[in-house]
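Welcome! Here is a friendly walk through a protein chain, from its overall form down to single residues. Have a look at the picture, then read on.

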Amino acid sequence: MWRRYPPPLWVGIIAITCFFADISVTGTLQPFYIDEVLHADVEWAGVAITVQFACATVGLFLTGLLADAIGLRRTVILVCLANVLLLNLVGRTRSVAALLVVRGLLGLASTYALALSWVASLAPRARLARWMSATVCAAQVAVSAGGFVAGAMRGPDLSLAMLVVSAAPATAALVLLGAQ
């Protein structure tokens with residue numbers, strides 16, 4: 001039987017790394033993936049990222065509404081699980097159209113604002129600035145690590161890179177499923 005624990009504050013830090021590691025790996029590997037695997041013009045890489053950010057503009061608002069309606073914890077779990085699925089689909093797409101759809105869905109399921117909300121809601125007020133700074137620092141580390149690791153890979157390795165990135169939202173969701 002699962003023993004439930006209070007939800008940890010660091011779950012927000014893990015959740016935000018998902019967004020930034022994804023963008024870093026995507027910016028590094030996606031052009032090669034589009035060229036070497038999809039055999040399409042590399043210009044589609046910019047379109048795919050633009051689609052993701054355009055959808056994130058809507059998704060950030062919608063996930064905020066959902067969090068207000070069903071609770072932040074449940075919403076973070078749902079969004080993290082959606083990220084696990086979608087991140088693992090990115091490197092398995094076989095057409096530019098499919099890639100654009102998956103990137104758009106990733107935008108709708110962005111962990112960015114939810115992760116910041118999570119940290120802000122659980123951090124002690126006297127230490128809020130410290131925890132928010134740690135969250136942004138973790139995001140920066142995720143960008144650096146994602147770019148470094150992806151820089152050593154080639155286009156066909158995008159699915160492996162996305163599997164690694166999906167460990168962050170999977171960890172956040174599993175921890176929250178075991179917490180109260």
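## Getting started

The model you are looking at is predicted. With that in hand, how many helices and strands does the protein chain have? The protein chain has eight helices and zero strands.

## The whole chain

Let us begin with the overall form. A compact globule of 180 residues would have a radius of gyration near 16 Å, and the protein chain agrees with this because its own value is 16 Å. Along the principal axes, the C-alpha atoms fill a box of roughly 50 × 35 × 30 Å. Contacts across the sequence are worth a look too: among those between residues at least 6 apart in sequence, 82% join residues at least 24 apart.

Now for the surface. Of the 180 residues, 43% count as buried. The protein chain exposes about 9,000 Å², and carbon and sulfur atoms supply 69% of that area. As for charge, there are 11 positive and 7 negative side chains, and the centres of these two sets lie 24 Å apart.

## Helix H6 and its partners

Helix H6 covers residues 128-151, which makes 24 residues. From its first C-alpha to its last, H6 reaches 34 Å, close to the 34 Å expected at 1.5 Å a residue. Which residues of H6 are buried? They are Thr-135, Ala-138, Ala-139, Ala-142, Gly-146 and Ala-150. These buried residues pack against two helices, H1 (10-36) and H5 (112-122). In general, an α-helix has 3.6 residues a turn, so residues three or four places apart point the same way.

Thr-17 is placed in helix H1 and counts as buried because its relative accessible area is 16%, under the 20% cut-off. Beyond residues up to four places away in sequence, Thr-17 touches Asp-22, Ala-138, Ala-142 and Ala-168. Ser-24 is also found in helix H1, and its relative accessibility of 11% is why Ser-24 counts as buried. Leaving aside neighbours within four places in sequence, Ser-24 is in contact with Ala-142, Val-143, Gly-146 and Gly-147. The C-alpha atoms of Ser-24 and Ala-145 are separated by 8.3 Å, although these residues are 121 apart along the chain.

Helix H8 takes in residues 167-178. Its 12 residues should span 16 Å at 1.5 Å a residue, and the end C-alpha atoms are 16 Å apart, so the two agree. The buried residues of H8 are Ala-168, Pro-169, Ala-172, Ala-173, Leu-176 and Gly-178. They pack against H1, H3 (72-90), H5 and H7 (158-165).

Is Ala-173 buried or exposed? Ala-173, which is placed in H8, is buried because its relative accessible area is 1%. Setting aside neighbours within four places in sequence, Ala-173 is in contact with Ile-77, Cys-80 and Leu-81. Ala-173 and Val-58 are 22 Å apart in space, C-alpha to C-alpha, and 115 residues apart in sequence.

Leu-78 lies in helix H3. With a relative accessibility of 46%, Leu-78 counts as partly exposed, because that value falls between the 20% and 50% cut-offs. The C-alpha atoms of Leu-78 and Gly-91 are 13 residues apart along the chain and separated by 21 Å.

## Two loop residues

Finally, let us visit the loops. His-39 sits in the loop between H1 and H2 (44-70), and its relative accessibility of 64% is why His-39 counts as exposed. What is phi of His-39 near? The value is near 55°, which is positive in a residue other than glycine. Most residues other than glycine have a negative phi.

Ala-152 is found in the loop between H6 and H7, and Ala-152 counts as exposed because its relative accessibility is 71%. Ala-152 and Thr-28 are 124 residues apart in sequence, while their C-alpha atoms are 9.7 Å apart in space.

Methods
Residues numbered from 1 in each chain as written. Predicted model: local features only at pLDDT ≥ 70, side-chain atom pairs only at ≥ 80, totals over all residues. Heavy atoms only, no water. Helix = DSSP H or I, 4+ residues; strand = E, 2+ residues; numbered from the N terminus. Expected span 1.5 Å × (residues − 1). Buried < 20%, exposed > 50% of the residue type's maximum accessible area, 1.4 Å probe, protein only. Contact = heavy atoms within 4.5 Å. Rg over C-alpha atoms; globule rule 2.2 N^0.38 Å. Areas by Shrake-Rupley, 256 points an atom, 1.4 Å probe, with all protein chains shown as cover. Lys, Arg positive; Asp, Glu negative; His and termini not counted. Charge placed at Lys NZ, Arg CZ, Asp CG, Glu CD.
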